[in-house]
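Biologist: Before I use this model, I would like to go through its core, its sheets and its pockets. Please show it first.

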Amino acid sequence: SFLSYFYFQDKQPVENISYAEIQCPMGVRTKFMLPDGSTGYLNSGSQLKYAVQFSNERKVELTGEAFFDVVHNANLPFHVNTRNLDIKVLGTTFNVIANENEISEEVILQTGKVDVATRSGKQLALLSPDERLVLDLETQSFEKKKVEASQYISWKEGKLVFRNENMQQVAKRLSRWYNAEVVVE
């Protein structure tokens, strides 16, 4: 009976999880609401995948750029996964930029705290409000610095704000915003 117990214990039914995916077309911004009440915005050309019903974890997968306003739940942290980053949140507002064809990924914190690590589990930084972390995908190095978060988050209100950015960065953001190629000569 002891062996039977362990044999049948492993044969429990597998729980089926349904996923939802939001795809935001180029040149458009989309507001979304998650099953736990968290809200946010997807920027042009971005994609968000999440479980239709959060059970033992609150986890979303992001490609592109999104702003999150996460509902606080100390017992169940919220995770945003990109190709290279795992961002752990308890309740806060922040922006993530993880476009497929770019050589960096960014996290900009507006309020609260976020814990940023690589997908392999390497701890990178704990961000405080008005801090930005940029992970260089080619060198796997990162830089954390103080910024004005509203400059990076204003896109959700239909505004682009540029301060002390080089023209290549401006051209890249304008290209994505207007779904047109911007050339700087």
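Biologist: Leaving aside neighbours within four places in sequence, which residues is Ile 87 in contact with?
Modeller: This is a predicted model. Beyond four places in sequence, Ile 87 is in contact with Phe 78, His 79, Val 80, Phe 94, Val 96, Val 107, Val 114, Asp 115 and Val 116.

Biologist: Which residues have the most contacts inside the largest nonpolar core?
Modeller: That core has 31 residues. Strand 5 gives the most to this core, with 4 residues. The residues with the most contacts inside the core are Phe 68, Ile 87 and Phe 94.

Biologist: How many residues are in the second, separate core?
Modeller: Its members include Ile 97, Val 147, Ala 149 and Tyr 152. The count for this second core is 9 residues.

Biologist: Is Val 89 buried or exposed?
Modeller: Val 89 is found in strand 7, residues 85–89. Leaving out residues up to four places away in sequence, Val 89 touches Arg 58, Val 70, Pro 77, Phe 78, Phe 94 and Val 114. The cut-off for buried is under 20% relative accessible area. Because its relative accessible area is 1%, Val 89 is buried.

Biologist: How far apart in space are Val 89 and Leu 126, C-alpha to C-alpha?
Modeller: In sequence, Val 89 and Leu 126 are 37 residues apart. In space, C-alpha to C-alpha, the distance between Val 89 and Leu 126 is 10 Å.

Biologist: Which residue of strand 13 is the bridge partner of Val 134?
Modeller: Strand 12 pairs with strand 9 in the antiparallel sense over 6 bridges, and there Val 134 is the bridge partner of Glu 106. Strand 12 also pairs with strand 13, residues 141–146, again in the antiparallel sense over 6 bridges. In strand 13, the partner of Val 134 is Glu 143.

Biologist: How many of the residues of strand 12 are buried?
Modeller: Strand 12 forms a hairpin with strand 13, with 4 residues between them, and Gln 140 in the turn has a positive phi of about 60°. Strand 12 is mostly covered, and the number of its 6 residues that are buried is 5.

Biologist: Which residues of strand 3 point to the buried face?
Modeller: The side chains alternate along strand 3.

Biologist: In strand 5, which residue is the bridge partner of Tyr 41?
Modeller: Strand 3 pairs with strand 2, residues 30–33, in the antiparallel sense over 4 bridges, with Met 33 bridged to Thr 39. The hairpin of strand 2 and strand 3 has 5 residues between the strands, and Gly 37 takes a positive phi near 95°. Strand 3 is also joined to strand 5 by 4 bridges, and these two run antiparallel. In strand 5, the partner of Tyr 41 is Phe 67.

Biologist: What is the relative accessible area of Ser 44?
Modeller: Ser 44 sits in the loop between strand 3 and strand 4. Not counting residues up to four places away in sequence, Ser 44 touches Cys 24, Pro 25, Met 26, Gly 27, Val 28 and Arg 176. Ser 44 is buried, and its relative accessible area is 1%.

Biologist: Which element supplies the largest share of the lining of the largest pocket?
Modeller: About 620 Å³ of space lies in this pocket. Its lining has 27 residues, and nearest its centre lie Glu 106, Arg 132, Glu 165, Gln 169 and Arg 173. Strand 9, strand 12, helix 2 and helix 3 each supply at least two residues of the lining. The largest share, 6 residues, comes from helix 3.

Biologist: How many residues of that lining of the largest pocket are charged?
Modeller: The lining of the largest pocket has 8 nonpolar and 8 polar residues. The charged residues in it number 11.

Biologist: How much space lies in the second largest pocket?
Modeller: The second largest pocket is lined by 17 residues, with Ile 17, Tyr 19, Ala 51, Gln 53 and Glu 57 nearest its centre. Strand 4 and strand 5 are the elements that give two or more residues to this lining. The space in the second largest pocket is about 260 Å³.

Notes. Residues are numbered from 1 along each chain as its sequence is written. This is a predicted model: local features need pLDDT of at least 70, side-chain atom pairs count only at pLDDT 80 or more; totals for chains, interfaces and linings use all residues. Side-chain values use heavy atoms; hydrogens and water are left out. Buried means under 20% relative accessible area, exposed over 50%, partly exposed in between (1.4 Å probe, protein chains only). Contact means heavy atoms within 4.5 Å. On a 1 Å grid over the protein atoms alone, a cavity is a set of points where a 1.4 Å probe fits but cannot get out, and a pocket is an open set with protein on both sides within 12 Å along at least five of seven lines; lining residues have an atom within 4 Å of a point. Grid points are joined across faces, edges and corners, and a volume is the space filled by probe spheres set on the points. Ala, Val, Leu, Ile, Met, Phe, Trp, Tyr, Cys and Pro count as nonpolar, Asp, Glu, Lys and Arg as charged, and the others, Gly among them, as polar. A nonpolar core is a set of buried Ala, Val, Leu, Ile, Met, Phe, Trp, Tyr and Cys residues joined through side-chain atoms within 4.5 Å. Two strands pair if DSSP finds at least two bridges between them.
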